[in-house]
Amino acid sequence: MQPVLLKPGIHWVGAVDFNLRNFHHYSRSPEGSTYNAYLIQDDKTVLVDTVSHHYFDELVTHISALVEPQKIDYIICNHLEQDHAGVLPRIVELCKPEKIFCSTMGLKSISRQFNTEGWPVVAVKDGERLNIGKRNITFLETRMLHWPDSMVSYVEEDRVLFSNDAFGQNVATSRRFVDEYERPLLLRAMKDYYNNIVLPYSPMVLKTLDRVVQLGIPIDIIAPDHGLIFRTPDDIKFVLDSYRAFAEQKPKLRAVVAYESMWGATESMAFAVGDGLDDEGVPYVLIDMQHNHVSAVMNELADSGALILGSATRNNMPMVNMVALMAHVKGLKPQNLVGASFGAHGWSGEAPRMMAEELASMKVDVVGEPVRAHFGAKAEELAACRELGATVARALKEKVKAFA
Ligand code: FEO
């Protein structure tokens with residue numbers, strides 16, 4: 001792979017990880033990912049972000065195709081998570097930069113992560129401007145998008161926004177630009193990334209989008225640190241509009257039924273819940289947690305407005321994959337959902353009630369009573385599940401109407 005031109009004097013010099021399947025435990029990445037770093041060549045030579053630790057050689061090869069790494073004057077660290085800063089000690093050792101820029105919160109964390117003795121680290125304030133010759137770079141803090149240290153860097157003259165994790169996607173391809181890729185696949189990757197990583201910070205996303213509008217910043221290119229780069233007006237509008245929609249989390253007329261069965265009874269209840277949703281004309285997806293990663297549920301929730309949980313009871317608890325799912329969902333703080341629960345048991349049967357309580361603690365509107373089945377689900381219990389699905393569907397229709 002070669003450096004890729006974004007604008008005269010600005011190149012992508014990052015790395016593509018085609019084989020990554022676990023995106024640092026946030027989500028699965030079946031399409032791989034990339035660690036995008038960028039080089040700006042002006043009176044000062046500036047490296048914007050770096051790469052994960054095992055891609056040092058690739059980064060240096062790409063930089064070296066343009067300039068001797070020792071000529072780098074400035075390194076901008078928009079965010080200090082290891083996938084963007086993992087090679088920082090080796091790059092600093094190699095380049096001996098004149099300055100390393102990070103946010104004020106970045107200043108607090110950089111010395112905790114690395115031995116920065118002798119490093120010329122400079123904290124920049126929100127809105128601070130850096131002249132590098134013919135160009136000026138403005139730093140904008142984006143705290144908690146998605147770390148306290150996060151910021152973005154904007155090159156005024158070229159209208160390029162280096163957005164770090166924001167607007168990323170887990171996509172590995174030999175192409176670098178969104179307009180060279182299929183939009184439906186891109187949208188799926190954007191939703192997966194947003195819902196499993198950015199979702200809890202949605203209020204900040206909305207504030208940041210409003211701020212960009214208020215500042216009237218013209219943007220030709222949005223260059224994130226993961227995945228493909230947005231460079232056409234249509235693609236830039238698409239990603240900004242998509243992020244607003246993701247952040248608003250308006251409920252959609254579709255339900256997710258996630259379940260974990262022990263001997264099949266809870267699964268038969270899940271099918272009946274699906275029938276009830278279908279009776280009311282609400283599309284749904286069934287996700288068996290024994291065969292799917294927790295991130296698959298959050299991915300599907302991006303297009304839904306209801307989360308229905310089913311689990312057998314084991315040792316007075318929901319099954320372990322269901323417990324993991326609830327922990328994952330709770331941490332991501334999804335909004336505006338309707339929910340319900342069900343499950344089969346042999347002995348005590350606490351799981352449906354516990355799942356309903358957990359959903360309520362996530363501010364999900366829980367409707368209907370949890371449906372329980374003692375040993376195999378009999379006709380009356382399957383009928384109750386079908387009615388539960390229909391109840392959720394009716395509540396969801398009302399919720400969707402309220403947001404219309
Ligand atoms: Fe891509 Fe938060 O690191």
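1. **Lys330 and Glu358.** In this predicted model, the side chains of Lys330 and Glu358 form a salt bridge, with N and O 3.3 Å apart. Lys330 belongs to helix H10 (residues 320–332) and Glu358 to helix H11 (residues 351–361), so the bridge ties together parts 28 residues apart in sequence. Which side of the burial cut-off do the two residues fall on, buried or partly exposed? Lys330 is partly exposed, at 35% relative accessible area. Glu358 is also partly exposed, at 23% relative accessibility.

2. **How H10 meets H11.** The helix axes lie 10 Å apart and cross at an angle of about 10°. H10 therefore counts as roughly parallel to H11, because angles under 35 degrees fall in that class. On the H10 side, the contact involves Met322, Met326 and Lys330. On the H11 side, it involves Met355, Glu358 and Ser361. By type, the residues of this contact are three nonpolar, one polar and two charged.

3. **Salt bridges overall.** How many salt bridges does a search of the whole structure find? The count is 27. Side chains of opposite charge can pair when their charged atoms come close. Two further pairs are worth a look in the viewer.

4. **Asp220 and Lys7.** These two form a salt bridge, and their closest N and O atoms are 2.7 Å apart. The pair links distant parts of the chain, 213 residues apart. Lys7 sits in strand E1 (residues 4–7). Asp220 sits in the loop between helix H6 (202–215) and strand E16 (221–224). Lys7 counts as buried, at 18% relative accessibility, because the cut-off for buried is under 20%. Asp220 is partly exposed, with a relative accessible area of 28%.

5. **Lys191 and Asp303.** A salt bridge joins these side chains, at 2.6 Å from N to O. This pair also links distant parts of the chain, 112 residues apart. Lys191 is in helix H5. Asp303 is in the loop between helix H9 (294–301) and strand E19 (306–311). Lys191 counts as buried, at 15% relative accessibility. Asp303 counts as partly exposed, at 29%.

6. Where is Asp158? It is in the loop between strand E14 (151–155) and strand E15 (160–164). Asp158 is buried, with a relative accessible area of 11%. Beyond its neighbours within four places in sequence, Asp158 is in contact with Lys7, Ile10, Arg135 and Asp220. Both partners of the bridge in point 4, Lys7 and Asp220, are therefore among the contacts of a residue that is itself buried.

7. **The nonpolar cores.** The largest nonpolar core has 82 residues. Leu47, Leu88 and Tyr243 have the most contacts inside this core. Helix H5 (residues 183–198) gives the largest share, seven residues. A second, separate core has 26 residues, including Val4, Leu6, Ile10 and Phe139. Ile10 is also one of the contacts of Asp158.

8. **Around Leu88.** Which residues does Leu88 touch, leaving aside its neighbours within four places in sequence? The contacts are Thr50, Ile75, Cys77, Leu80, Ile110, Phe114 and Trp119. Leu88 is one of the residues with the most contacts inside the largest core.

9. **Backbone points to check.** The peptide bond from Leu145 to His146 is cis, with omega near 5°. His146 is in the loop between strand E13 (136–141) and E14. Asn164 is not a glycine, yet its phi is positive, near 55°. Asn164 lies in strand E15 and is buried, at 1% relative accessible area. Phe167 also has a positive phi, of about 70°, although it is not a glycine. Phe167 is in the loop between E15 and H5. Phe167 is buried as well, with a relative accessible area of 8%.

Technical notes:
Residues numbered from 1 in each chain as written. Predicted model: local features only at pLDDT ≥ 70, side-chain atom pairs only at ≥ 80, totals over all residues. Heavy atoms only, no water. Core = buried A, V, L, I, M, F, W, Y, C linked by side-chain atoms within 4.5 Å. Buried < 20%, exposed > 50% of the residue type's maximum accessible area, 1.4 Å probe, protein only. Helix = DSSP H or I, 4+ residues; strand = E, 2+ residues; numbered from the N terminus. Contact = heavy atoms within 4.5 Å. Salt bridge = Lys/Arg side-chain N within 4 Å of Asp/Glu carboxyl O. Axes fitted to C-alpha atoms, helices over the stretch in contact; angles between N-to-C directions. Parallel < 35°, antiparallel > 145°, perpendicular 65-115°, else oblique. Nonpolar A, V, L, I, M, F, W, Y, C, P; charged D, E, K, R; others polar.
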